[in-house]
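User: Please walk me through the model shown here, one feature at a time.

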Amino acid sequence: ARTVHAMRPGFGAQDFDLLVIGAHDRPRPAPNLLEIQGATHRITPAKLEAAATAFPDLVALPRPRVGLLMGGPVRAEGMDPGVAARIAAQAAGLGNSVLATTSRRSGEAAGVALAGALKGRPHHLYPFGGDGANPLHGILSLSDVLVVTGDSISMLSEALMTPAPLYIADPGGLGPRHRAVADSLFAAGLAAPLGGPPPPPRAVLDETGRVAAEIRARGWV
């Protein structure tokens with residue numbers, strides 16, 4: 001048996017055959033280390049390809065489409081509604097329509113503020129826990145620009161599975177680790193702060209696929 005550990009282990013790092021750790025955690029060099037940007041996730045090219053035709057309501061919106069993935073402050077009770085409205089307005093200014101979704105961390109008040117900021121603009125808003133199929137994969141696949149709040153390493157990593165320019169929005173209340181994630185993506189040229197200069201062009205970043213390829217290359221499967 002071979003042991004692969006994703007994220008920094010609490011102890012016994014040297015006992016794993018492979019450690020998969022994000023650059024934001026500043027791992028120490030080691031023979032068993034594979035450093036990645038962000039985190040591994042469940043988004044695959046096949047899922048994105050299928051989603052491109054699964055949500056006709058999103059396809060009908062005018063381009064460029066801005067995908068907005070809204071989270072909320074870490075360990076807090078919802079995002080400040082004023083912050084949510086500001087992020088939504090900034091995102092809307094990057095294109096001709098907005099494909100938006102909220103998360104459990106957003107809170108009801110922030111969701112209402114987001115809807116108000118997008119009123120009168122072409123958009124599709126899927127609130128957390130909404131009816132029907134969650135269009136997350138469709139938003140990722142069909143957006144020409146992506147705006148993601150920096151409270152979720154997973155959401156940021158999933159956004160990098162697309163070639164769309166990625167802006168990171170500050171929902172307020174971010175801790176040092178989440179700020180380190182954003183800073184590492186800025187330094188690597190993979191994203192830019194919302195409200196600043198646009199990020200440089202980039203290729204799709206499939207770090208989950210790279211981890212799988214590394215495991216296969218080592219002959220473990």
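**Pocket, sheet and helices**

User: How many nonpolar, polar and charged residues are in the lining of the largest pocket?

Analyst: This is a predicted model, with pLDDT of at least 70 for local features and 80 or more for side-chain atom pairs, while totals use all residues. A pocket is an open set of 1 Å grid points where a 1.4 Å probe fits, with protein on both sides within 12 Å along at least five of seven lines; lining residues have an atom within 4 Å of a point. By class (Gly counts as polar), the lining comprises seven nonpolar, eight polar and three charged residues.

User: Which element supplies the largest share of the lining?

Analyst: β5 (97-102), α5 (136-142) and α6 (153-159) each contribute at least two lining residues; helices here have at least four residues and strands at least two. The largest share, three residues, belongs to α6.

User: Which strands stand at the edges of the sheet?

Analyst: Six strands form an open, parallel sheet in the order β6-β5-β4-β7-β8-β9, where pairing requires at least two bridges. Strand β8 (residues 166-169) is joined to β9 by two bridges, and I168 has P193 of β9 as its bridge partner. Each edge strand has a single partner, so one side of each lacks a neighbour: these strands are β6 (123-126) and β9 (192-193).

User: What class are the residues of the contact of α3 with α4?

Analyst: The contact (heavy atoms within 4.5 Å) includes P81, A84 and A92 of α3, and A109, L114 and L118 of α4. No polar and no charged residues take part, and the twelve residues are nonpolar.

Terms used. Residues are numbered from 1 along each chain as its sequence is written. Side-chain values use heavy atoms; hydrogens and water are left out.
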